[in-house]
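This report describes a structure made of two chains. Please have the sequence and the model open while reading.

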There are 2 protein chains.
Amino acid sequence: MLPGAMLDHSNEIRDTRERILDAAESVVVERGVSALSLEATAAAAGVSKGGLLHHFRSKEALLTALVERMVAEMRAGFDAVVAAEPEGPGRHTRACIAWALRPTPQQRARDLRLAAALLSAHAHDPALIEPVRREHARIRAAIADDGLPPGHAHAVLAAADGIFLAKVFGLWSPDETLARAIEAALGRLAVPC
Amino acid sequence: MLPGAMLDHSNEIRDTRERILDAAESVVVERGVSALSLEATAAAAGVSKGGLLHHFRSKEALLTALVERMVAEMRAGFDAVVAAEPEGPGRHTRACIAWALRPTPQQRARDLRLAAALLSAHAHDPALIEPVRREHARIRAAIADDGLPPGHAHAVLAAADGIFLAKVFGLWSPDETLARAIEAALGRLAVPC
DNA sequence: TTCGGCCGACCGTCCGGACGGTCTTGCGAA
DNA sequence: TTCGCAAGACCGTCCGGACGGTCGGCCGAA
């Protein structure tokens with residue numbers, strides 16, 4: 001056997017898991033939280049129900065994995081935005097602004113999927129989104145130690161949360177012009193005074 | 001029969017409906033969205049399942065009524081806060097700040113119930129929260145015509161949304177000190193410049 | 001031949017909703 | 001005033017279907 005084959009095999013296993021997670025998100029995005037069943041997920045992933053349960057021993061395990069992957073993606077995305085900001089006071093706060101109001105195309109596509117993971121996990125059991133709470137606390141800690149007045153930094157964080165969570169519920173999303181204006185307004189809070 | 005008795009009867013009917021709606025919210029608050037079944041709601045309301053279905057012909061009808069009541073409460077609450085703000089530019093924007101960061105004790109107690117209605121309705125069918133979307137649009141319209149730069153006003157609205165929705169998911173809630181600091185920071189965006 | 005990923009039939013449970021019945025209430029006729 | 005009756009609030013049971021999860025077996029790769 002070629003080493004490549006082993007790699008392929010290993011990747012296939014991993015791909016199946018990822019494919020199932022992708023499928024679960026797709027079901028929620030396209031048909032709503034209430035349609036997220038093991039059968040529907042398996043069908044969308046091109047796998048039998050037994051096959052799905054081979055990878056995730058229960059629905060809760062599936063949702064836990066969904067949340068973990070979501071948090072990892074959010075963390076990586078946010079950290080990348082932080083890295084793109086110049087060092088100095090207000091760095092993390094400005095990163096919040098950029099993350100919420102200057103989403104990359106990939107981020108834009110992923111937002112709905114992150115929302116799907118958050119909503120479905122929370123609907124099944126609010127305790128499942130504990131990793132999200134921890135990640136939020138991590139960002140709050142960075143924000144609080146950002147060299148800005150705490151009120152300013154947390155106001156910006158709240159606004160970023162609001163932009164994202166309003167999109168989660170499909171309540172509202174600013175158009176490009178308004179996004180730039182909001183960005184400018186929040187920017188006024190993100191500089192040392 | 002006394003006239004009072006007729007009134008009592010009429011009130012009882014109304015109370016039963018309200019009691020069922022209260023019970024549904026209680027079930028969600030105490031046991032999560034996934035525990036919201038007609039049976040559980042009926043039991044919590046002290047009514048049989050048949051009795052519940054007499055007042056709400058389907059689960060969807062129950063959730064629709066829940067959302068309608070929630071929106072009416074939010075609208076009344078917000079309008080009251082607006083009325084308490086002095087007239088002039090930025091009035092609605094400052095009302096957003098007060099609504100999110102200076103909740104009355106009653107508001108505080110109701111926030112969890114509003115969250116329960118929002119989450120359970122959205123989980124069942126995202127289309128059910130359409131009234132919430134309309135109410136949000138109404139507030140946006142008021143905000144946009146508030147005599148402030150649109151970016152500033154919408155930044156404040158986003159922050160208010162973020163405070164509330166973060167509480168919906170149990171992600172975070174600022175303590176009293178931080179709330180005052182955030183209020184002050186947002187206040188800087190809510191005055192004509 | 002062994003092993004692990006995967007299949008698909010099956011089970012027990014729960015849920016939404018239907019239905020027929022009971023009791024109280026309001027009201028018009030006698 | 002009283003009696004009968006229609007209406008509506010509410011009850012308790014039942015059913016069809018969907019869902020989460022189990023289990024024994026299949027099959028290709030090592």
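## Helix α8 of chain B

α8(B) is followed by B:Gly170, which has a positive phi, near 65°. Helices (H or I, at least four residues) and strands (E, at least two) are DSSP runs, numbered from the N terminus. α8(B) has 19 residues and reaches 26 Å from its first C-alpha to its last, close to the 27 Å expected at 1.5 Å a residue; the expected span is 1.5 Å times one less than the number of residues.

Of the 19 residues of α8(B), 16 are buried, so the helix is largely enclosed by the rest of the structure. A residue is buried if 20 or more other C-beta atoms lie within 10 Å of its own, exposed if 12 or fewer, and partly exposed in between, with C-beta atoms placed from the backbone.

## Source and confidence

This is a predicted model, in which local features need pLDDT of at least 70 and side-chain atom pairs count only at pLDDT 80 or more, while totals for chains, interfaces and linings use all residues. Residues are numbered from 1 along each chain as its sequence is written, and chains are lettered from A and ligands numbered from 1 in the order in which they are written.

The pLDDT is the predictor's confidence in each residue, from 0 to 100. Chain A has a mean pLDDT of 91, and 92% of its residues reach 70 or more. Over residues 1-11 of chain A the pLDDT is below 50, and this stretch has one contact in the model beyond near neighbours in sequence. Where pLDDT is low, the predicted coordinates should not be read in detail. Two residues are in contact if their C-beta atoms, placed from the backbone, lie within 7 Å.

## Chain A overall

Chain A has nine helices and zero strands. Its C-alpha trace spans about 60 × 40 × 30 Å along the principal axes. Buried residues make up 39% of the 193 residues in chain A. Among contacts in chain A between residues at least 6 apart in sequence, 66% join residues at least 24 apart.

## How the two chains meet

Chain B is superposed on chain A by a rotation of 180° with 0.0 Å of shift along its axis (RMSD 0.1 Å). That is the relation of a two-fold axis. The same surface serves both copies, as 100% of the contact residues of chain B recur in chain A. The superposition is by least squares on the C-alpha atoms of residues with pLDDT of at least 70 in both copies.

In chain B, 40 residues are in contact with 40 residues of chain A. The elements of chain B that give two or more residues to this side are α6 (105-124), α7 (130-144), α8 (150-168) and α9 (176-187). α8(B) gives the most, with 13 residues. The residues on the side of chain B that touches chain A divide into 26 nonpolar, ten polar and four charged. Here Ala, Val, Leu, Ile, Met, Phe, Trp, Tyr, Cys and Pro count as nonpolar, Asp, Glu, Lys and Arg as charged, and the others, Gly among them, as polar.

## Helix α9 of chain A

In α9(A), A:Ile182, A:Glu183, A:Ala185 and A:Leu186 are buried. Seen down the helix axis, the buried residues of α9(A) fall within an arc of 165°, so they line one face; the arc is that of the directions from the helix axis to the C-beta atoms. The face turned away from the buried side of α9(A) carries the exposed residues A:Glu176 and A:Thr177. The cover over the buried residues of α9(A) includes α5 (91-101) and α8 (150-168) of chain A together with α8 of chain B.
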